[in-house]
Amino acid sequence: MIIFNPAMTLGELFLEAMSSGVITNGEMTWVTSHQDYFSRTEKAVAQRLGRLIDEGSIQLGCRVPIS
């Protein structure tokens with residue numbers, strides 16, 4: 001099971017979501033709880049992430065590790 005790493009940056013989270021097509025509930029919680037502290041660039045990344053979720057390119061769920 002992959003647990004969200006709080007040391008991960010929004011950029012890393014975005015890249016992980018783009019590569020896997022999935023964002024976890026924990027990651028979404030982290031994004032929403034930290035959005036007040038994002039820089040202007042990070043806010044743009046968060047908006048892009050939201051649009052990708054809205055259009056279905058990224059799904060809310062869990063990642064299954066490949067062994």
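1. Before the helices are discussed, a word on their axes: an axis here is a line fitted to C-alpha atoms, for helices over the stretch in contact, and angles run from 0 to 180 degrees between N-to-C directions. The model is a predicted one, in which local features need pLDDT of at least 70 and side-chain atom pairs count only at pLDDT 80 or more, while totals for chains, interfaces and linings use all residues. Residues are numbered from 1 along each chain as its sequence is written, and side-chain values use heavy atoms, with hydrogens and water left out.

2. The protein contains three helices and two strands, where helices (H or I, at least four residues) and strands (E, at least two) are DSSP runs numbered from the N terminus. Along the sequence they follow the pattern α-β-α-α-β. Of the 67 residues, 27% count as buried, a word that stands for under 20% relative accessible area, with exposed meaning over 50% and partly exposed in between (1.4 Å probe, protein chains only). Among contacts with a separation of 6 or more, 71% come from residues 24 or more positions apart, contact being heavy atoms within 4.5 Å.

3. Two packed helices are described by the angle between their axes and the distance between the axes. For helix H1 (residues 10-20) and helix H3 (residues 40-55), the axes come within 10 Å and cross at roughly 20°. That angle makes H1 roughly parallel to H3, since angles under 35 degrees count as roughly parallel, over 145 as roughly antiparallel, 65 to 115 as roughly perpendicular and the rest as oblique. The crossing of H1 and H3 is left-handed, which is the term used if the near helix is turned anticlockwise from the far one by less than a right angle, right-handed being the term if clockwise.

4. On the side of H1, this contact is made by Leu10, Leu13, Phe14, Ala17 and Met18, and on the side of H3 by Glu42, Val45, Ala46, Arg48, Leu49 and Leu52. Sorted by class, the contact has nine nonpolar, no polar and two charged residues; here Ala, Val, Leu, Ile, Met, Phe, Trp, Tyr, Cys and Pro count as nonpolar, Asp, Glu, Lys and Arg as charged, and the others, Gly among them, as polar.

5. Which residues of H1 are buried? They are Leu10, Leu13, Phe14 and Ala17, and, seen down the axis of H1, they fall within an arc of 100°, so they line one face of the helix; the arc is that of the directions from the helix axis to the C-beta atoms. An α-helix has 3.6 residues a turn, so residues three or four places apart point the same way. The buried residues of H1 pack against strand E1 (22-23), helix H2 (25-34) and H3, whereas Leu15 and Ser19, on the other side of H1, are exposed.

6. In H2, the buried residues are Glu27, Trp30 and Val31. Viewed down the axis of H2, these fall within an arc of 95°, so they line one face of the helix, and they pack against H1 and E1.

7. Two loop positions also deserve a look. Thr24, in the loop between E1 and H2, is buried, with a relative accessible area of 13%, and touches Leu60, Gly61, Cys62 and Arg63, not counting residues up to four places away in sequence. Ser57, in the loop between H3 and strand E2 (59-60), is partly exposed at 42% relative accessible area. Leaving aside neighbours within four places in sequence, Ser57 is in contact with Gly21 and Leu52.
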